[in-house]
Amino acid sequence: MIRVFIVDDHSIVREGAKRIIAGTSDMEAAGECSDGLEALKQILENDYDVVLLDIALPGMNGLDVLRAVRAKKPNLPILILSMYPEEQYATRVLREGASGYITKESLPNDLVNAVRKVARGKRYISDF
């Protein structure tokens, strides 16, 4: 079972991600939060298989969370979920240590495939 931690400041996005994940037999939404500082605390204190992380967050932005997690848990797959187009951020977040990048406009099946791929230790970027 792939344990996914969902971090987004919009509750409707978190709910959507949870429903997509709940609809798969090999994943579970193991936690969620809406704030970067709380996300960092939860990620460092708990064991997750994949973190689904928004870039724009209150408290601490997603890129800072990514850097802080990389320093403490370098092998934890982090999939960036963002409203920003891939061409704007994908290369940058991969350079910072993200395992993948997916936009909020992606299809639910793309999210499932992305989570599975990064959980296996691979990188994910859609065909943009």
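Two strands count as paired if DSSP finds at least two bridges between them, and the strands themselves are DSSP runs (E, at least two residues), just as helices are runs of H or I with at least four residues, all numbered from the N terminus. This is a predicted model, in which local features need pLDDT of at least 70, side-chain atom pairs count only at pLDDT 80 or more, and totals for chains, interfaces and linings use all residues. Residues are numbered from 1 along each chain as its sequence is written, and side-chain values use heavy atoms, leaving out hydrogens and water.

Six strands form an open sheet in the order 2-1-3-4-5-6, with parallel pairing. Strand 2 (27–33) and strand 6 (124–125) each have a single partner strand, so one side of each is left without a neighbour in the sheet. Strand 6 is joined to strand 5 (residues 100–103) by two bridges, and the two run parallel. Look here for Gly100, which stands opposite Tyr124 in strand 6.

Angles run from 0 to 180 degrees between N-to-C directions, with axes fitted to C-alpha atoms, for helices over the stretch in contact. Helix 1 (residues 11–22) lies across strands 1 (2–7), 2, 3 (50–53) and 4 (78–82), at about 165° to strand 2. Helix 2 (residues 36–45) lies across strands 1, 2 and 3, at about 160° to strand 1.

Helix 1 also supplies four residues to the lining of the largest pocket, the most of any contributor. Strand 5 and helix 5 (108–119) each supply at least two.

Terms used. Contact means heavy atoms within 4.5 Å.
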